[in-house]
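Reader: Please set out the aromatic contacts and the domain contact of the model shown here, with the cut-offs behind each term.

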Amino acid sequence: MDSVKEFKIVTLGEGRVGKTSLTLKFARNEFHDNEISTVQANFIQKDVQLDGGIQVRLNIWDTAGQERFRALAPNYYRQANGAVIAYDITDAGSFNKVKAWVKELQSQADKDISIVIAGNKCDRESERQISAQDAIDYANSINAAHFNSSAKSGKGVNELYTEIARRVYAVHQKNAKANPQLSNSRGGRRVRVTNDEPQKPKNKNCC
Amino acid sequence: MGSGNSHNKLDYKKNYLQSVKEKKREYINQKKDLQMIFEFNNWKDYIIKEIEILKSKLPESLWVYELQNFAQSWNNYKDYPWRWNLIWFDYLDTTKSQIINIRRTRSSLQLPVFYEDKPEIFDAENLYDLLHNQFLNSNNNFIGGLIVIFNTYFYQQHFDELQSVDGWGEGRDVVKELVEEIKSFVFLSIQALSNYYGGIIIEKINETPGKVYDFMVEETFLEYIHEILMRGFLLANYKSESIYQEKLQKYQKITCADLQIKKAFQLDLNSSTPAYDKAIEKLQKIESVFSPFKKLNIIIQTSRMICECIDDYWTDKIISEEHLMVDADQILSIFTYIVLKAHINNLAGHIKIIQEFARFITNNSSMGYYVTTIEACLEQIKNMEL
């Protein structure tokens with residue numbers, strides 16, 4: 001049985017930058033368009049294929065963007081392996097919020113958390129307020145990746161989620177090498193119960 | 001003629017039983033691991049050793065000593081039928097594709113002979129179902145007995161201590177200590193399970209260790225443990241709980257609009273009854289279930305009910321799908337409304353039970369998402385000033 005490793009990814013960013021739309025775009029082929037019904041867009045699960053035939057499963061947690069919910073964010077990024085922080089390229093203020101999120105994650109989230117920054121709404125290039133180079137330079141300075149994305153056209157969406165998948169998987173592999181599981185030292189009559197177990201690959205693309 | 005018929009019947013039965021016996025033997029030979037079960041006559045000694053180890057870890061815990069007494073005085077003879085039933089069940093389960101056209105219920109699993117005065121024959125859909133039913137007979141099934149002894153003495157020891165902070169002892173972390181004791185028992189019970197049942201269970205533990213853990217947590221959580229844990233959580237968080245209760249009172253008449261729920265989801269807009277009534281009723285059920293996974297299930301079902309309520313409300317009305325997308329801001333606001341209306345005492349305790357006993361993989365899945373959302377609602381409510 002091939003096993004799929006699961007990772008928790010949290011999406012952060014100011015309200016209206018398009019966090020939820022990004023995630024939905026990524027998972028789009030999951031939705032059935034012929035029927036009008038309520039869509040829960042706050043949790044999305046999707047398998048991603050990495051180089052070498054490695055498949056990983058992303059559990060993507062959407063977070064509330066409104067300021068009144070700001071203090072609740074730590075509940076959501078607790079134990080997250082990766083974070084996608086989105087901003088709106090047409091709103092300079094939303095990029096400043098990215099920097100605040102990064103600071104917060106660096107001080108409060110898991111020390112190994114991987115970060116990808118999404119400069120969203122890149123279909124509105126003419127209204128751009130943040131220079132693409134500045135955004136890339138900032139991302140490089142904090143060891144994160146940066147992508148221009150558009151939830152509307154789909155540009156950069158798969159790429160940014162594939163990159164976060166690649167990064168969290170790399171961290172997992174590094175940690176697994178550094179901390180190999182201890183063998184059963186007390187004889188064959190003692191069973192070992194691990195904290196998690198591998199899941200079967202899914203046929204569908206997401207939840 | 002009559003005598004000839006009964007001879008034929010007896011021969012038929014004899015041949016049938018012989019064939020069953022041969023099939024079992026053949027099956028057991030095929031599965032080498034299963035043979036271990038017959039070498040496990042000394043399983044009790046191994047379990048007693050495990051209890052000894054626990055005694056050094058939890059010297060103050062009354063239940064550990066009681067488990068030791070219980071194990072030492074246990075009559076091994078009682079256990080053969082339980083263990084045989086497990087092998088027989090596994091045999092039926094692995095060969096069921098060969099008898100696909102014959103509707104055979106699992107009632108063919110007979111309870112041991114000493115249960116003839118209580119002839120409850122149960123159906124078991126899977127191995128865990130079978131084990132669960134076996135554990136219910138705690139007088140005759142060793143693992144079932146362990147669970148009852150643990151619950152009884154855990155309750156007895158901690159009930160009085162948890163009347164007040166003084167009773168427990170200032171400076172001690174009540175939640176941490178209680179949770180650690182329960183987890184220690186769960187891990188002991190898994191070791192006991194593998195020694196008691198042998199091959200089949202060891203196979204299961206190797207294949208899906210997390211499921212076995214979940215199952216044993218589920219079996220361990222009888223009403224007694226639940227009550228003690230809830231008391232412990234309340235003792236540790238009584239200030240926070242009283243703030244939450246005050247806010248529940250203060251905002252009992254809150255509307256969807258007050259919570260800035262968007263118009264498409266303000267289901268109380270044209271109605272005097274509370275919106276999301278089905279979801280509220282579902283969430284209230286969290287108080288009447290004891291195990292972490294049953295509580296978790298209630299929360300998942302509540303999240304589904306939210307969608308159902310919205311769908312019901314918009315049936316036969318015109319609205320685009322775009323407006324029916326529940327994002328993180330909206331789900332948080334809707335859950336806050338539901339929590340305020342559901343008025344559940346010590347909701348933080350119910351959440352804590354889930355978080356402490358669910359595995360990492362559960363806590364980070366969609367299930368974990370909704371538990372986190374309820375937890376976030378609690379914080380939101382405690383700080384709410386409208």
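This is a predicted model: local features need pLDDT of at least 70, side-chain atom pairs count only at pLDDT 80 or more; totals for chains, interfaces and linings use all residues.

Reader: Why is the pair of Tyr369(B) and Tyr370(B) edge-to-face?

Author: Rings of Phe, Tyr and Trp (its six-membered ring) pair if their centres lie within 6.5 Å; planes under 30 degrees apart count as stacked, over 60 as edge-to-face and the rest as tilted. The structure holds 28 aromatic pairs over all chains. In the pair of Tyr369(B) and Tyr370(B) the ring centres are 5.3 Å apart, and the pair is edge-to-face because the planes stand at 85°.

Reader: Is Tyr369(B) buried or exposed?

Author: Buried means under 20% relative accessible area, exposed over 50%, and partly exposed in between (1.4 Å probe, protein chains only). Tyr369(B) has 0% relative accessibility, so Tyr369(B) counts as buried.

Reader: Which residue lies over the face of Trp61(A)?

Author: Trp61(A) belongs to one aromatic cluster with Phe43(A), Tyr76(A), Phe335(B), Tyr369(B) and Tyr370(B). A charge sits over a ring if NZ of Lys or CZ of Arg is within 6 Å of the ring centre and within 35 degrees of the ring normal. At 3.8 Å from the ring centre of Trp61(A), the residue is Lys8(A).

Reader: How much area do domain 1 of chain B and domain 2 of chain B bury between them?

Author: The domain assignment (automatic or from a database) gives domain 1 of chain B as 23-94 + 123-220 and domain 2 as 239-383. Buried area is the accessible area (1.4 Å probe) that two parts lose on being put together, summed over both. With 63% of it on carbon and sulfur atoms, the area is about 860 Å².

Methods. Residues are numbered from 1 along each chain as its sequence is written. Chains are lettered from A and ligands numbered from 1 in the order in which they are written. Side-chain values use heavy atoms; hydrogens and water are left out.
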